[in-house]
Amino acid sequence: MTTRRSLTRNLAALPALAALGLAFPAAAQNPAEVKVGLLVPLSGLYARPGQVMKMGAEMAIEHINAQGGIKALGGAKLKLVLLDSGDTVEKAKNAAQRMVAQETDLVAASGSYLSSFTLAATEVTERASLPMLTLSYSDLITDRGFKYVFQTSATAASQAEQCLPEVMKVAEKATGVRPKTVAIITDNTGASVASVKPMRERLLKEHGLTLVVDETFTPPLSDATPLIQKVRATRPDLLFFLPTVISDGKLIMEKMNEFGLGQARIPMISFGIAIAEPEILKTMGADMLQGVMTCVGSWGSKGHEPLIAELKAKYGEPWMTQNGISTYADMWVVAAALEKAGKADKEAVAQALRTLDLGPSKYYPGGLIKFDDKGRRVNAGLTIVQWQSGVPNTVFPPDLAVSQAIWSKK
């Protein structure tokens, strides 16, 4: 039993301990390292984006640790724990179950890339009260009343709301007329479905657009010919295409070129990053990609040059996609939550994330480092990227743009 006399004796000894360079009892409770999970596809059809997310997380943790680690925890270092979500919803859910069962000392996690995977994985992390940050787009992720999910990208519906007016503005400025007809070709993954839903229901009509082709497919595509034949028959003013598999994006663009519709003869606008991955350029010439746009949750842009240069030197990546920069940003948000929480505890980190208010975002487009009641980042923006001379450049928003958008004049 601790008596008043023994307590006084212990307190009197503290300066002597400090003089000897020994830790105070309270500091000794701080962990040497704090584990953060990364649940992403590292095998199968979506391994490529998962690998880039791993790069972003590794760079952030290296930077955080090099700057002294988590100061509120005596300089504790962050340690990344990797889990492979595979390439199916079932595998992603199983990986999440392994994560919460085997890595019980995680304070937070980031992932899972595809919205369908994130929807399944967060059912598991929510039950385990593990804070999960995600760049996945589907509105459903944060529409379920969950308390431990934090969505850093603008939702799919919000991106459609933000993207369509900008695309129309660019088209009208370049041609002098507003587009009147549009085709949609989309896969049936969560984010794609969520993106086209508000367009079909409301946005196209609000912008005076008539939908002349509306096709949905299950990835991966074996042949894009039947889809593009419908585009050729109707010759829309715009084509919105939403693949999430790189090979599907490539097949659609190749078929557009084969039918004489590519190279911006029919302007192509995508959502997500499948069509802006470096792999696309390896098999298609820059001239075939010229002018193709995509609306994405984030992108390495103006102001990120040192980070992009480091990614290139360290991993050989030619540019920084949303997967790299969003996951980089996620790790910094977890670090900030740990500083606010003052302890390596997932419940304390979750509470810190709910009340975090760090002002404008440096690595996410627009908005604040702050989450609303649903767990969505407040006023999250998006970026519009366009292939120009073999590089996917940011053309929107203006504060992040590195070049002006271009448009085909048919």
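Lys91 and Asp87 form a salt bridge, with their closest N and O atoms 3.0 Å apart. A salt bridge here is a side-chain nitrogen of Lys or Arg within 4 Å of a carboxyl oxygen of Asp or Glu. By this rule the count comes to 24 salt bridges. This is a predicted model, in which local features need pLDDT of at least 70, side-chain atom pairs count only at pLDDT 80 or more, and totals for chains, interfaces and linings use all residues. Residues are numbered from 1 along each chain as its sequence is written, and side-chain values use heavy atoms, with hydrogens and water left out.

- Buried means under 20% relative accessible area, exposed means over 50%, and partly exposed lies in between (1.4 Å probe, protein chains only).
- Helices (H or I, at least four residues) and strands (E, at least two) are DSSP runs, numbered from the N terminus.

**Salt bridges**

- Side chains of opposite charge can pair when their charged atoms come close.
- In the Lys91 pair, Lys91 is partly exposed at 43% relative accessible area.
- Lys197 forms a salt bridge with Glu201, and the closest N and O atoms are 3.2 Å apart. The two residues are four apart in helix α7 (residues 190-206), so about one helical turn separates them.
- Lys197 is partly exposed, with a relative accessible area of 45%. Glu201 counts as exposed at 57%.
- Arg48 forms a salt bridge with Glu277, with the closest N and O atoms 3.8 Å apart. Arg48 sits in helix α3 (residues 47-66) and Glu277 in the loop between β9 (268-271) and α10 (278-283), so the pair ties together parts that are 229 residues apart in sequence.
- Glu277 is buried, with a relative accessible area of 1%.
- Arg48 and Glu277 also belong to a network of salt bridges that links them with Glu279, Lys282 and Glu317.

**Helix packing**

- Axes are lines fitted to C-alpha atoms, for helices over the stretch in contact, and angles run from 0 to 180 degrees between N-to-C directions.
- Helix α13 (residues 322-341) packs on helix α14 (residues 346-355) at an angle of about 105°, and their axes are 8 Å apart.
- The two are therefore roughly perpendicular to each other. Angles under 35 degrees count as roughly parallel, over 145 as roughly antiparallel, 65 to 115 as roughly perpendicular and the rest as oblique.
- Val333, Ala337, Leu338, Lys340 and Ala341 of α13 make the contact (heavy atoms within 4.5 Å). On the α14 side are Ala348, Val349, Ala352, Leu353 and Thr355.
- By class, this contact of α13 with α14 has eight nonpolar, one polar and one charged residues. Ala, Val, Leu, Ile, Met, Phe, Trp, Tyr, Cys and Pro count as nonpolar, Asp, Glu, Lys and Arg as charged, and the others, Gly among them, as polar.
- The axes of α3 and helix α12 (residues 305-315) come within 11 Å and cross at roughly 110°. That makes α3 roughly perpendicular to α12.
- Met55, Glu58, Met59, Glu62 and His63 of α3 make this contact with Leu307, Glu310, Leu311, Lys314 and Tyr315 of α12.
- By class, the contact of α3 with α12 has five nonpolar, one polar and four charged residues.

**Two buried residues**

- Ala156 lies in helix α6 (residues 156-175). At 0% relative accessibility, Ala156 counts as buried.
- Leaving aside neighbours within four places in sequence, Ala156 is in contact with Tyr137, Asp139, Ala191, Ala194 and Ser195.
- Met284 lies in the loop between α10 and α11 (286-289). Met284 is buried, at 2% relative accessible area.
- With neighbours within four places set aside, Met284 is in contact with Lys250, Met253, Glu254, Asn257 and Leu289.

**Backbone features**

- The peptide bond from Gly111 to Ser112 is cis, with omega near 5°. Ser112 lies in the loop between β3 (106-111) and α5 (115-127).
- The bond from Phe396 to Pro397 is cis as well, with omega near 0°. Pro397 is found in the segment after β12 (391-396).
- Arg235 is not a glycine, yet has a positive phi of about 45°. Arg235 is partly exposed, at 43% relative accessible area.
- Asn379 has a positive phi near 60°. Asn379 is exposed, at 60%.
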